[in-house]
Amino acid sequence: MASQPPPIANLRAPTLLTLADELLEEIFLRLPGPTDLARASTACASFRRVITDRTFLRRFRGIHPPPLLGFVPRGRDGFYPAQPPYPSAPLARGVADAADFSYSFVPMGRWLKPWRPRDLRLGRVLLECLPKYDERYEFYSVVFLRDLELVVCDPLHRRYVLLPPVPHQITAQHGRLIDFDAFLAPTCQIEVKEETSFEVICTARNQTNLFAIVFSSATGHWCITASPSWSSLDTEPPSRYHKLAYPDYANGCFYWTGCWAGKLLVLDARKMEFSIVNSVPSSSLIQDNINKSAGIVVGEEGTPLMFSFGTHSEDDSSDLLHITNIYGGEPSEEQQLEKIIPLSRKYMYSICGAVEGFLFLHGIPEGQYSVRRRRSQSVPNREYLLMDVKTSELRKVCEMRHDFFSVHAYFGFPRSLSKPCI
């Protein structure tokens, strides 16, 4: 006897379900922003299933870039969310409530010291624990690379990966290395489907060479990926007064300012190649362990621009923010200068962070002053502002009684719209 065909309903149901999901995706992609998407995800189980799918979230982020939700200070625990009337303040409050930026879910390191944030990218935080601490400048110092303990964590989902120490055999042949720094590498586009993979870059130097040592979560190992000599870069090593630390990231490259007058050190993370940019205005490179007076940001046409403070306006009513094209060739500083933005003298500004397309400013209200203090001490309110490089629009993100002179911007979505990145 011939077998009976399955009921028509059984054939059509999967097709209708798939069609319904596709229609919902197209509708959700047209929502104004992540706040509206978050509200839609709470409407019913079907909406939430479609919205939290990795493929859909990737498409949504391609159309609606993750909003700024707040910042994490370098070397300090805590998350400081955007406050009203900043547009993403409701989402920021949700992240502050859901995430653990005290990093209590990460086990204590072998030095029995607190974990300190070193870098932040795509929801991941790179934490370090080092044996020595300099209270004068509020940063840890490391003498030997083997002393470096690193963790990459996801505070929103409370996940972490403890990185193995850099093997001694990798660096033993190069003598004593100094000036260690570690930061998260940008996500490689060809690996975009594996959203939990990451790389960490550690830089170090000696008197003859500069090194880039990379850890890959895919292999679980460290390896030296670049070791050019200073002579091949046509420059001398930085003086002992200038640390090779805290690079800015823009368009696939890391930039170090303040190491030499008139020069920038660049690491192209896509090719893992170092280079030197000459003829950079030396006045832009003055910085110290407290204040950073220059930042590298991607401009409107995708080219990296240097933002730095110049002199006050003639009537002393505004600070002048200079924008310089750092790849302007060999012309004079006047020819390289792209634009000057006047900033109201309502604040005394300093640059405390730079991310692609945005500049973070720390503003001290006029008549107040900056102080280096312990947490128990109180200071008048400081304001943290974000400048959109494309529009030169300056908006206040939050206000607090803390002086943070180096911060990491946190762009992302609330937990309901996020998947673990570790």
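Biologist: What makes Phe56 and Phe60 count as buried or exposed?

Modeller: Both Phe56 and Phe60 are buried. Buried means under 20% relative accessible area, exposed over 50%, partly exposed in between, with a 1.4 Å probe and protein chains only. This is a predicted model, where local features need pLDDT of at least 70, side-chain atom pairs count only at pLDDT 80 or more, and totals for chains, interfaces and linings use all residues. Residues are numbered from 1 along each chain as its sequence is written, and side-chain values use heavy atoms, with hydrogens and water left out.

Biologist: Where do Phe56 and Phe60 lie?

Modeller: Both are in helix H4 (residues 54-63), four residues apart, about one turn of the helix. Helices (H or I, at least four residues) and strands (E, at least two) are DSSP runs, numbered from the N terminus.

Biologist: Why is the aromatic pair of Phe56 and Phe60 called tilted?

Modeller: Rings of Phe, Tyr and Trp (its six-membered ring) pair if their centres lie within 6.5 Å; planes under 30 degrees apart count as stacked, over 60 as edge-to-face and the rest as tilted. Phe56 and Phe60 stand 6.1 Å centre to centre, with 35° between the planes. So the pair is tilted.

Biologist: What makes the pair of Phe183 and Trp256 edge-to-face?

Modeller: The angle between the planes is 65°, at 5.9 Å centre to centre. The edge-to-face label therefore applies. The pair links distant parts of the chain: Phe183 is in strand S9 and Trp256 in strand S14 (residues 253-260), 73 residues apart.

Biologist: Why is strand S10 (residues 199-205) called largely enclosed?

Modeller: Six of its seven residues are buried, so the rest of the structure largely encloses S10.

Biologist: How do you know that S10 pairs with S9?

Modeller: Two strands pair if DSSP finds at least two bridges between them. S9 (residues 178-184) and S10 have five, in the antiparallel sense, so they pair. Leu184 has Val200 of S10 as its bridge partner. Seven bridges join S10 to strand S11 (residues 210-216), also antiparallel.

Biologist: How do you know that Cys421 is in no disulfide?

Modeller: A disulfide is a pair of cysteine sulfur atoms within 2.5 Å. The structure holds zero disulfides. For Cys421, the nearest cysteine sulfur, that of Cys153, is 8.5 Å away.
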